[in-house]
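Reader: I am new to this structure and would be grateful for a close look at a single part of it.

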Amino acid sequence: MAPPQKRSVTIRGHRTSFSLEDAFYRELERLARKRDLSLAALIVKIDAARTGDTNLSSALRLYVLVEVKREADRM
């Protein structure tokens, strides 16, 4: 598995970065498309919902995990 790649996004007017493995990033892109959101808009929503002790990269991974499990449970 390739190491996480650093990516940047603008959240509420400031630039920040996060590191994600390609599999998580691709899944995040898919979830954004499914919700008819830009990737940046989905990341802003995830960022707004995270607690102060969770970094953005972890919050993104947890979001993907929860959503994929939710989809699997519906099958």
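In which element is the place of Glu-27? Please continue from there to its surroundings.

Author: Glu-27 lies in helix H1; helices (H or I, at least four residues) and strands (E, at least two) are DSSP runs, numbered from the N terminus. The model is a predicted one, in which local features need pLDDT of at least 70 and side-chain atom pairs count only at pLDDT 80 or more, while totals for chains, interfaces and linings use all residues. Residues are numbered from 1 along each chain as its sequence is written, and side-chain values use heavy atoms, with hydrogens and water left out.

The side chain of Glu-27 is joined to that of Arg-30 by a polar contact of 2.4 Å (a pair of N or O atoms within 3.5 Å, one able to donate a hydrogen and the other to accept it; residues adjacent in sequence count only if both atoms are side-chain atoms). When neighbours within four places in sequence are set aside, Glu-27 is in contact (heavy atoms within 4.5 Å) with Val-64 and Val-68.

Helix H1 (residues 22-34) also packs against helix H2 (residues 39-49), at an angle of about 100 degrees and with axes 9 Å apart. The two helices are therefore roughly perpendicular to each other, a term that covers angles of 65 to 115 degrees. From H1, Tyr-25, Leu-28, Glu-29, Leu-31 and Ala-32 meet Leu-39, Leu-42, Ile-43 and Ile-46 of H2. Eight residues of this contact are nonpolar, none is polar and one is charged.

Beyond four places in sequence, Leu-60 is in contact with Phe-18, Leu-20, Leu-28, Ile-43 and Ile-46.

The loop between S2 and H1 holds another glutamate, Glu-21. Glu-21 counts as buried because its relative accessibility is 14%, and buried means under 20% relative accessible area, found with a 1.4 Å probe on protein chains only. A polar contact of 3.0 Å joins the side chains of Glu-21 and Arg-61.

Definitions and conventions
Axes fitted to C-alpha atoms, helices over the stretch in contact; angles between N-to-C directions. Parallel < 35°, antiparallel > 145°, perpendicular 65-115°, else oblique. Nonpolar A, V, L, I, M, F, W, Y, C, P; charged D, E, K, R; others polar. Buried < 20%, exposed > 50% of the residue type's maximum accessible area, 1.4 Å probe, protein only.
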